[in-house]
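I opened my notebook to see what could be looked up in this one. Here are my entries, in the order I made them.

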Amino acid sequence: MGGPNRPSSLPLLVTGALLTFLGGAICLWSPPLAVFLEGKVYDTFLRSAPRHPATGSLTIVDIDEASLARLGQWPWPRYRIARLLERIRVDGATAAGLDMVFAEPDRTSLTPLSGEILRDLGTRIDLAGFPREALDTDRALAATLAGGPFVLGYQFDFETARGNACVLHPLRAAVRADGGTGGADGLFDARGVVCNLPGLSKAAGSSGFFNVTPDPDGVLRRVPLVIRHKGALYPNLALALYLRARGGDAVLETGPDGVEALRLDGRRIPLDSHGNLLVNFRGPHRTFPHLSAAAVLGGTADPARLK
């Protein structure tokens with residue numbers, strides 16, 4: 001049992017102690033280095049993990065270079081956005097999210113535009129006979145938003161307390177505490193918001209933020225699913241889009257160290273204490289199907305890809 005040929009465990013113990021000491025030193029003396037190393041380990045894990053193919057349930061309608069060349073530079077008149085959304089709805093989309101903000105009235109609406117021309121140039125434009133959607137493009141967009149499963153996007157502001165007149169849609173989620181005092185205090189708390197026109201937000205009835213922040217090395221590895229604003233919780237655009245399409249209840253689970261997970265339709269989604277989700281990237285650019293907005297407007301895109 002204790003013969004002379006028994007291998008010594010001392011080198012193994014010394015190596016383990018050194019690695020433990022090194023890991024503790026990195027965390028205590030150089031937190032940025034620990035975060036950097038953690039990110040690189042996660043990148044290695046993603047590259048080695050098996051990739052599951054995209055399900056086909058998500059399609060991106062892209063206002064691409066072909067769309068801009070065919071229909072003109074951005075921003076487009078909002079009656080054109082309304083027509084694009086209506087086409088997406090008719091083609092069978094379960095829900096559609098817009099990663100853009102309509103923060104100001106559309107200056108291509110003929111009614112206010114004609115007023116500006118009269119004021120600046122002294123010329124009165126006869127608007128008789130123009131389509132109603134061209135006279136007030138924001139009203140045309142609001143009517144389309146009210147008739148479809150659309151989710152608007154907005155941007156939280158952590159520097160200034162602007163956006164007091166914004167109409168937002170809180171996350172209808174219960175907060176379940178599993179002990180401790182951390183609760184949801186670690187969530188990002190936004191002071192202000194860059195939001196859509198109130199009439200558009202009310203018409204859509206659903207919205208979500210699209211704030212993201214890369215890690216210090218410039219790589220985007222995590223996105224917040226929930227942010228607090230004026231005491232209420234709000235979902236990011238992807239979560240709001242999922243809830244619009246599937247419905248269901250959400251439960252924010254917290255523990256001694258703060259937020260731990262979001263439970264959605266019986267599935268537990270792990271989060272960090274700030275409400276961030278680590279992103280499991282499916283693949284390179286255009287892993288998900290893309291449709292040109294011009295093709296959708298022209299009726300040449302395959303509608304089955306929007307369902």
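Which residue takes a positive phi just after H5? I found Gly122 there, with a phi of about 70°. Helix H5 itself covers residues 110–121, and its 12 residues reach 15 Å from first C-alpha to last, close to the 16 Å expected at 1.5 Å a residue. I noted that the expected span is 1.5 Å times one less than the number of residues.

**Ground rules.** I am looking at a predicted model, where local features need pLDDT of at least 70 and side-chain atom pairs count only at pLDDT 80 or more, while totals for chains, interfaces and linings use all residues. Residues are numbered from 1 along each chain as its sequence is written, and side-chain values use heavy atoms, with hydrogens and water left out.

**Overview.** I counted 10 helices and 15 strands; these are DSSP runs numbered from the N terminus, helices being H or I with at least four residues and strands E with at least two. Of the 307 residues, 35% count as buried, where buried means under 20% relative accessible area, exposed over 50% and partly exposed in between (1.4 Å probe, protein chains only). For contacts between residues at least 6 apart in sequence, I noted that 76% join residues at least 24 apart; a contact means heavy atoms within 4.5 Å.

**The cores.** Next I went looking for nonpolar cores, meaning sets of buried Ala, Val, Leu, Ile, Met, Phe, Trp, Tyr and Cys residues joined through side-chain atoms within 4.5 Å. The largest has 24 residues, and Leu85, Phe102, Leu141, Leu145 and Leu200 touch the most other members. Elements giving two or more residues to this core include helix H4 (78–90), helix H7 (137–146) and strand S3 (150–157). H4 supplies the largest share, 5 residues. I then picked out Leu145: leaving aside neighbours within four places in sequence, Leu145 is in contact with Leu85, Phe150, Leu152, Leu200, Ala203 and Ala204. A second, separate core has 14 residues, among them Ala184, Leu225, Ala250 and Leu262.

**The disulfide.** How many disulfides does the structure hold? I found 1, a disulfide being a pair of cysteine sulfur atoms within 2.5 Å. Cys166 and Cys195 form the link, S to S 1.9 Å. The angle about the S-S bond is -85°, which I logged as left-handed. Cys166 sits in the loop between S3 and strand S4 (173–177) and Cys195 in the loop between strand S6 (192–194) and H8, so the link ties together parts 29 residues apart in sequence. Cys166 is buried, at 18% relative accessible area, and Cys195 is buried too, at 12%.

Last, I traced an open sheet of 3 strands in the order S5-S9-S10, with mixed pairing. S5 and S10 are the edge strands, each pairing on one side only. Strands pair if DSSP finds at least two bridges between them. S5 (residues 189–190) runs parallel to S9 over 2 bridges, with Ala190 partnered by His229. S9 and S10 (residues 232–235) pair antiparallel over 4 bridges; Arg228 stands opposite Leu233, and His229 has Ala232 as its bridge partner in S10. The hairpin of S9 and S10 has 2 residues between the strands, and Lys230 takes a positive phi near 55° there.

Are the residues on the two faces of S9 buried or exposed? I found both faces covered: Val226 and Arg228 on one side, Ile227 and His229 on the other, all buried.
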